[in-house]
Amino acid sequence: MKLTLDKSSDVPIYLQIVDQVLEMIRSGELVSGEKLPTERELKQEYSISVGTAKAAYKKLVQMNKVISVQGSGTYVMRMETELEMAHLRAEIDQALNRAFSAEITEEQIRDILEQEIARFKRRTPNVHIAWVCACEELLETTVAELASMPLVKLDSFTIAQVQRNPSLLQDHFDLVITTERYYTQVCRLLSNQRDRVYQISLTMKRESVYEIAQIKEDTPILFWCIEDIFEKTVKNRFLPHHNAGRLFSVTGKEPSAEALISCPVLVVPPKTTMQRHPGMFEKVLAATQSGVQVLYINYELDRGSLLFLRSTVRNVWSNNCKNGFTEMDSNLDFHRLELPEKCELEL
């Protein structure tokens with residue numbers, strides 16, 4: 001990426017960078033998924049401050065022209081969606097004209113469309129993803145979000161499961177995703193296929209962060225967890241200054257009704273985990289009626305990780321269709337995103 005910066009101009013340098021990057025995206029010089037120079041590289045090449053480079057990239061992110069992935073870099077976002085939608089609407093309009101001219105009813109058109117969508121899904125290869133995370137609680141707060149992504153078939157494992165049986169990740173996955181904490185371990189287990197391993201980042205949902213922030217430092221808190229990793233993660237990241245002597249836990253088993261009302265605040269895993277313990281809903285409800293504040297702690301993929309993963313899935317899916325699926329229409333134009341070597345993000 002070559003820039004021409006005029007330091008004598010009335011236009012701020014960061015806006016000059018923004019304008020030139022936008023023009024390179026419009027002209028096709030920068031393509032979807034292409035990695036931009038780092039802020040330090042811009043500083044060294046153009047003798048500008050890191051702050052100026054940061055301001056330019058921040059503006060481009062706000063304009064939804066690039067995505068910034070912590071620990072990996074800044075990438076050009078996919079820009080073809082609106083154009084593709086316009087083409088698709090035009091093709092649908094032509095098909096509807098032909099259908100109504102042939103006196104095909106609206107109900108028949110809907111049936112045909114549903115049948116074709118179902119047939120397309122059956123014959124289109126999904127991107128098979130393995131999601132490896134610290135513990136069951138963290139898996140359950142994110143699995144639904146990942147599984148709902150288009151074109152994805154998802155399996156999830158805790159790191160303990162993978163360590164006991166490394167063959168779980170062998171051969172049949174297109175992508176293996178994990179967090180920074182376990183990236184090295186997973187790569188070691190897949191030493192010959194580490195190019196399939198990517199890092200993503202989790203963040204606690206805003207409402208959970210807000211509720212935790214309201215807890216006073218000396219308030220007694222009881223954690224109920226399947227695994228203590230979940231408890232330690234919450235404590236270390238969001239309760240670092242809390243009085244350790246006021247933190248209690250029940251791990252790996254159902255707490256008694258008496259235990260649940262022993263502290264004014266109860267931190268419990270997602271409701272999906274509680275479904276495995278039929279009596280827990282009643283116990284938690286009783287604790288709530290006794291005045292206990294119940295916090296359901298949930299995590300989600302951060303926005304940068306989600307955008308990156310969707311782009312990665314689309315690229316892998318496109319390659320699978322072209323390389324391994326002969327029935328696809330050869331005239332279809334798949335807009336590919338180049339994959340960075342890895343996406344390093346901090347949990």
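Helices (H or I, at least four residues) and strands (E, at least two) are DSSP runs, numbered from the N terminus. The structure described here is a predicted model, in which local features need pLDDT of at least 70 and side-chain atom pairs count only at pLDDT 80 or more, while totals for chains, interfaces and linings use all residues. Residues are numbered from 1 along each chain as its sequence is written, and side-chain values use heavy atoms, with hydrogens and water left out.

The pLDDT, which is the predictor's confidence in each residue from 0 to 100, averages 80 over the chain, and 86% of the residues score at least 70.

An open sheet is formed by 4 strands in the order E9-E8-E10-E11, with parallel pairing, where two strands pair if DSSP finds at least two bridges between them. Strand E9 (247-251) and strand E11 (293-296) each have a single partner strand and stand at the edges, so one side of each is left without a neighbour in the sheet. From one strand to the next, the twist averages 20°, angles being taken from 0 to 180 degrees between the N-to-C directions of axes, which are lines fitted to C-alpha atoms, for helices over the stretch in contact (heavy atoms within 4.5 Å). Strand E10 (residues 265-268) is joined to E11 by 4 bridges, and Val267 has Leu295 in E11 as its bridge partner. Helix H10 (residues 228-238) lies across strands E8 (221-225) and E9, and runs at about 140° to E8.

Leu30 is placed in the loop between helix H1 (13-27) and helix H2 (39-46). Leu30 counts as buried because its relative accessibility is 5%, buried meaning under 20% relative accessible area, exposed over 50% and partly exposed in between (1.4 Å probe, protein chains only).
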